[in-house]
Amino acid sequence: MKYDIHQTTAYGYAYPVPVARHVVRMVPVDRPRQRVVASRFTVEPEPVEWTESFDFFGNRVAHIRIESAHTSFTVRTQARVEVDPADLPDPEATPAWEAIRQSVAESLDLGPDSPVHHIFPSPLVRICEEITVWTAESFPAGRAVLDGAVDLMERLHREFTYDSKATEVTTPPEEAFAMRRGVCQDFAHIMIAGLRGLGLPAAYVSGFLRTEPPPGKERLQGADATHAWLAIWCGTQSGWQGLDPTNALRVSTDHVVLALGRDYSDVAPVGGVLVGSGRQKLRVEVDVVPILDPPAAPAKPDRARRPPA
Amino acid sequence: MPGSIDQQARARRFEAEAVEALLAGYRPLPGVYDEMVDAEGRPRDHWTPMLAALAEMGAEEVERRFTAADRHLHRSGVFYRVYDDPSGGERPWPLSHLPLVIGAAEWRDLARGLVQRAQLLEAVLADLYGEGGLVRSGAMPAAAVAGSPEFLRPLKGVDPHGGSFLKLYAADLGRAPDGRWWVLSDRTQSPSGAGYALENRIAVARALPDLARTLNVVRLAGFFQSLRASLTRLDRSGEGRVGLLTPGPLNETYFEHAYLARYLGFVLLEGEDLTVRDNAVYVRTVAGLKRADVLLRRLDADFADPLELNSRSRLGVPGLVQAVRAGGVAMVNALGSGLVEAPAMMSFLPKIGPEVLGETLRLPNIATWWCGQQAERETVLGALDDLVVAPAFGRTMPGLMAQGARLGADLKLMERIELEHAIRSRGVDFVGQEAVHLSTMPVWRQGRLEPRPFILRIFLAATEEGWQVMPGGFCRVSDSSDSRAVTMQRGGRSADVWVLDEGPVEQTTLLPAVGRVDVRRQTGPLPSRAADNFFWLGRYVERAEATLRLVRTLAGRLSSSTEGGGGSVGRLLGLLDNWGAVPADMSRARPARFAIAALTRRDLGGALPGLIEAARNTASVIRDRLSPDAWRTLADLAVAMGEPVPLAAAEPEVYERADRSLRALAAFSGLASENMNRLSGWRFLDLGRRIERAIATCRFTRALVSETTQAGTLDVLLELCDSQITYRSRYVMVEAHAPVVDLVLLDPVNPRSLAFQIDRIAEHLEDLPGHGGDEPPKPEERLAARLAAAMKAHEPDDFDGERLLKIEHQLMELSNDISERYFIHRSPVETPWEQLA
């Protein structure tokens with residue numbers, strides 16, 4: 001699949017901000033199964049400093065400093081990305097979860113793709129007994145790791161309610177878990193917390209989801225948001241497998257990876273500090289347009305799992 | 001012959017008997033090594049001179065000297081803050097007066113072992129943040145590294161400034177029953193305690209001055225000079241500016257940060273003082289931005305940069321990691337150095353050591369098994385009763401280890417089951433460690449010596465000549481006689497460590513060394529935040545003084561039967577009310593109640609407790625720049641404010657209390673200004689005072705002087721402005737309008753007059769950076785000049801309420817202008833995150 005992605009993130013300030021410093025992770029990069037054909041990235045107002053680099057996990061990061069008084073800060077990204085279908089392994093054929101746990105604990109790989117970074121508590125995801133106990137129900141002794149994880153994802157999808165009013169960006173997973181409500185970020189964090197509670201490696205992934213129009217209607221422009229899911233390590237054979245608990249989907253060509261890390265704090269699209277007071281307003285628009293060559297095939301009318309915005 | 005053989009022998013016998021008496025009740029704990037006496041109870045050679053000296057002094061004299069040492073610590077303001085204390089209180093430094101004595105040969109061995117260990121830890125850090133060969137080769141599993149919160153991924157692959165991660169290293173040691181020293185833990189993040197060791201040494205050396213000399217105790221000053229030189233060398237800009245980065249006054253060891261900064265001549269900085277521009281770090285000072293190339297940090301790395309590390313940190317410097325990456329600043333120790341503190345490391349170091357260094361390790365660390373590995377996990381689970389189980393990557397962990405490590409044998413059945421389950425499911429989080437019994441050293445208790453277990457902390461600095469060991473250290477001595485190391489996690493006292501030299505010690509005494517450091521001290525431009533605090537300290541203290549004068553005058557009028565009326569009591573009450581010093585809801589209470597409220601109510605911003613607290617808080621963040629006496633005066637006053645005044649108190653009691661507090665404030669002002677050199681800090685303090693006093697004088701005059709004013713009221717104004725004596729000496733007559741107003745407002749030689757304050761303000765402004773000389777006058781200077789001109793251009797009668805109010809407003813504007821120009825530090829706010837949906 002090929003997509004054109006447009007993303008705009010705009011902050012508005014009640015009072016002029018004289019100085020600001022931001023860390024921006026809004027440009028996708030090449031990854032296994034994913035190629036960035038072209039990308040463009042602009043910032044307003046003009047920064048006095050702009051340094052781009054790749055962070056530990058290989059995400060593209062821009063460090064920006066602005067020194068002119070401004071009442072809005074806008075980041076725009078355009079990218080054309082090609083995604084190959086995933087080679088989805090049979091869940092039951094993956095190794096037993098206990099074997100995965102032990103092999104990761106004794107792994108000799110400290111590199112950025114290693115699962116060892118994803119078995120420990122991280123800034124936003126603590127290990128929480130309630131979530132671990134709930135997770136353990138999907139992992140009886142000897143069950144294949146991906147089989148258990150898919151089961152967990154489906155249970156989460158069944159038992160939890162998508163509710164954009166219930167949580168905020170900083171809501172800890174244990175709170176969302178107690179409410180059985182939240183958005184994609186909460187669901188990803190909850191699953192990650194549960195898997196790590198059992199000693200299993202789970203990484204947080206942010207990105208974009210192909211959004212298809214309801215039958216007979218125009219595609220809604222800018223109605224979408226940045227999405228999040230997780231990846232679980234299934235051993236050297238199957239590697240990282242993406243799971244999207246919000247939609248109970250195994251990740252393949254519908255998902256474009258933007259960034260990955262231990263939790264949201266590693267991938268936050270825009271972070272920063274500024275000097276100023278008063279309210280800050282944030283507006284995000286995302287468009288993910290599939291490029292269909294040859295010319296547009298009709299959208300599937302029966303797509304039941306339209307992701308919530 | 002004074003020293004005949006016979007006499008010497010008698011003296012020795014007498015000494016031996018006295019020492020024996022001193023040791024009579026000293027019973028070492030069974031199965032534990034004692035530092036002072038051997039297994040038979042005989043004193044070890046290197047302790048005998050001290051024991052002899054103590055025996056000769058006698059219990060009373062020893063007691064007297066130890067009390068003097070405590071007094072010294074108290075006077076120097078050596079305190080530590082207690083995290084657990086909900087009131088955030090500070091406690092006196094608990095010194096165990098007897099030092100630990102270590103002989104020269106033993107020390108040499110220890111030092112050699114520690115230098116080797118420092119080299120090993122440096123090599124491990126370099127590998128883990130660099131090539132990663134240790135993990136790839138299987139010497140250490142990756143998860144034993146990745147699990148540490150101090151494995152700072154943004155620093156991976158970043159070469160440390162100056163070529164090494166560690167500039168300062170400390171180890172905690174314990175001595176096993178067989179007499180061997182063991183490393184219990186490593187401190188590589190930002191080792192604390194060196195400053196306390198220094199204070200302990202000064203206090204103990206004061207108590208036992210001759211002894212320290214005759215015993216040839218090695219001095220500490222050389223170590224600190226080397227450390228200072230080594231850090232100064234990292235400064236590439238050559239401006240000699242080294243900062244000590246502190247998390248601030250709420251940290252439990254803030255005193256030590258301030259003390260070390262002062263001792264080493266470094267600027268004490270908080271994150272807010274710093275800003276990163278073009279990959280370099282700058283201090284915001286009253287003279288603009290100044291480079292800071294070297295930061296000795298006492299801030300944990302995780303908090304150092306909210307942009308790339310802990311995003312919730314309010315203590316760090318946004319962009320600092322970027323500056324580190326670009327080589328724009330030297331962090332000491334390098335960010336990420338805390339990685340090798342993890343107990344998990346200890347299970348691999350014994351094996352890695354010889355591989356990395358090519359030599360066997362001289363100093364072992366306690367046997368440790370990381371439970372992430374299957375075989376090790378089974379070992380620990382199989383011997384749980386004999387082992388300590390500890391978090392693998394920190395001191396504590398939620399759950400069973402919330403208070404730290406646990407001895408397997410101490411666990412209740414349910415806890416044990418829970419722990420075994422936790423180890424089986426997430427073994428990566430745990431280590432098992434050998435349960436160590438510590439050796440004991442003597443402490444002095446009620447005239448007797450008693451053995452107490454202790455942990456010894458030793459400090460090392462990387463210098464141009466290689467690792468240098470501080471000849472001394474810092475003992476944490478337990479309050480109980482439980483010798484298991486695991487119970488030593490909190491509490492206790494601290495003791496000095498005396499390393500004996502074989503020959504006489506070179507007299508590079510500590511105190512002249514302090515002087516030498518101070519002479520070289522670059523006072524440098526004052527950080528904006530410090531200036532801001534000085535300014536507000538001045539304002540709060542002056543406001544407190546004005547309020548106290550109001551209260552005292554009020555109490556005086558109320559108790560004096562000759563109060564002539566003229567409504568002065570009502571006007572005084574009105575002034576207190578305007579300042580928010582009395583509650584609004586007591587208009588019908590008797591006036592004395594108002595005075596009491598202004599003295600005691602904690603809930604009113606304008607009442608005394610609030611003002612003194614504000615002054616104390618302000619002073620606490622510039623403590624390194626205030627004299628210890630000045631600080632104590634203020635801290636004592638804050639405590640005195642808490643003493644209740646009986647509601648039924650009569651006016652004389654209120655008067656007395658206000659009077660006493662005024663004297664304490666005067667003492668503070670005297671100490672603060674007399675003991676500060678006339679640099680920017682003092683100027684900002686005095687500017688604050690002058691502006692506040694000028695405002696108060698305007699308000700007093702406005703409230704008390706009008707067309708119909710009577711003599712009694714003018715007298716009140718003179719009292720509030722502390723100008724009665726001057727008036728009486730000049731005018732042999734009852735108070736009259738024009739002379740009183742002239743004295744209080746216009747007289748340029750009356751140090752209480754408005755004109756006097758304005759002249760001082762103008763003088764200060766001229767001397768501040770960016771003023772005077774060829775510089776065009778700044779807004780605040782023009783304002784001060786306008787005010788001064790108004791003082792000269794008008795007569796007493798011209799100063800009606802309206803004019804005074806205008807002057808007040810101009811003074812406030814002046815205060816704002818000063819703030820805007822000089823206090824440019826600002827706390828940044830976070831950009832809100834986008835919620836992913």
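**Notes on helix packing, strands, domains and the chain contact**

1. In chain B, helix H17 (residues 528-559) and helix H24 (residues 711-720) have axes that come within 9 Å and cross at roughly 140 degrees. An angle over 145 degrees would count as roughly antiparallel, and 65 to 115 as roughly perpendicular; H17(B) is therefore oblique to H24(B). The crossing of these two helices, H17(B) and H24(B), is right-handed. Please keep in mind that this is a predicted model.

2. Which residues make the contact of H17(B) with H24(B)? From H17(B) they are B:Arg549, B:Leu550 and B:Thr553, and from H24(B) they are B:Val716, B:Glu719 and B:Leu720. Sorted by class, this contact between H17(B) and H24(B) has three nonpolar, one polar and two charged residues.

3. H18(B) passes H23(B) in a right-handed crossing.

4. On the H18(B) side of that contact are B:Arg571, B:Gly574 and B:Leu575, and they meet B:Arg699, B:Ala703 and B:Leu704 of H23(B). The classes in the contact of H18(B) with H23(B) are three nonpolar, one polar and two charged residues.

5. Turning to strands, E17 (residues 440-445) and E18 (residues 448-463) of chain B pair in the antiparallel sense, over six bridges. One of the residues to look at is B:Met441, whose bridge partner in E18(B) is B:Arg452. What do E17(B) and E18(B) form? They form a hairpin, with two residues between the strands. In the turn, B:Gln446 has a positive phi of about 45 degrees.

6. The domain assignment divides chain B into domain 1 (96-344 + 437-520), domain 2 (367-434), domain 3 (526-676) and domain 4 (677-822). Note that domain 1 is given as two segments, 96-344 and 437-520. For domain 1 and domain 2 of chain B, the C-alpha centres lie 29 Å apart.

7. How many residues does each of these two domains give to their contact? Domain 1 of chain B gives twelve residues and domain 2 of chain B gives 15 residues. On the side of domain 1 of chain B that touches domain 2 of chain B, H6 and helix H12 (343-346) of chain B each supply at least two residues. By class, that side of domain 1 of chain B has eight nonpolar, three polar and one charged residues.

8. The contact between the chains takes 40 residues from chain B and 53 residues from chain A. On the side of chain B that touches chain A, the elements that give two or more residues are helix H5 (133-136), helix H6 (143-146) and strand E22 (829-830) of chain B. H6(B) gives the most to this side, with three residues. The residues on the side of chain B that touches chain A divide into 17 nonpolar, 14 polar and nine charged.

9. Strand pairing also runs between the chains: strand E14 (residues 270-274) of chain A and E22(B) pair in the antiparallel sense over two bridges. Which residue of E22(B) is the bridge partner of A:Val273? The partner of A:Val273 is B:Glu830.

Technical notes:
Residues numbered from 1 in each chain as written. Chains lettered and ligands numbered in written order. Predicted model: local features only at pLDDT ≥ 70, side-chain atom pairs only at ≥ 80, totals over all residues. Left-handed = near helix turned anticlockwise from the far one by under 90°. Helix = DSSP H or I, 4+ residues; strand = E, 2+ residues; numbered from the N terminus. Contact = placed C-beta atoms within 7 Å. Nonpolar A, V, L, I, M, F, W, Y, C, P; charged D, E, K, R; others polar. Pairing = 2+ DSSP bridges. Domains from an automatic or database assignment. Axes fitted to C-alpha atoms, helices over the stretch in contact; angles between N-to-C directions. Parallel < 35°, antiparallel > 145°, perpendicular 65-115°, else oblique.
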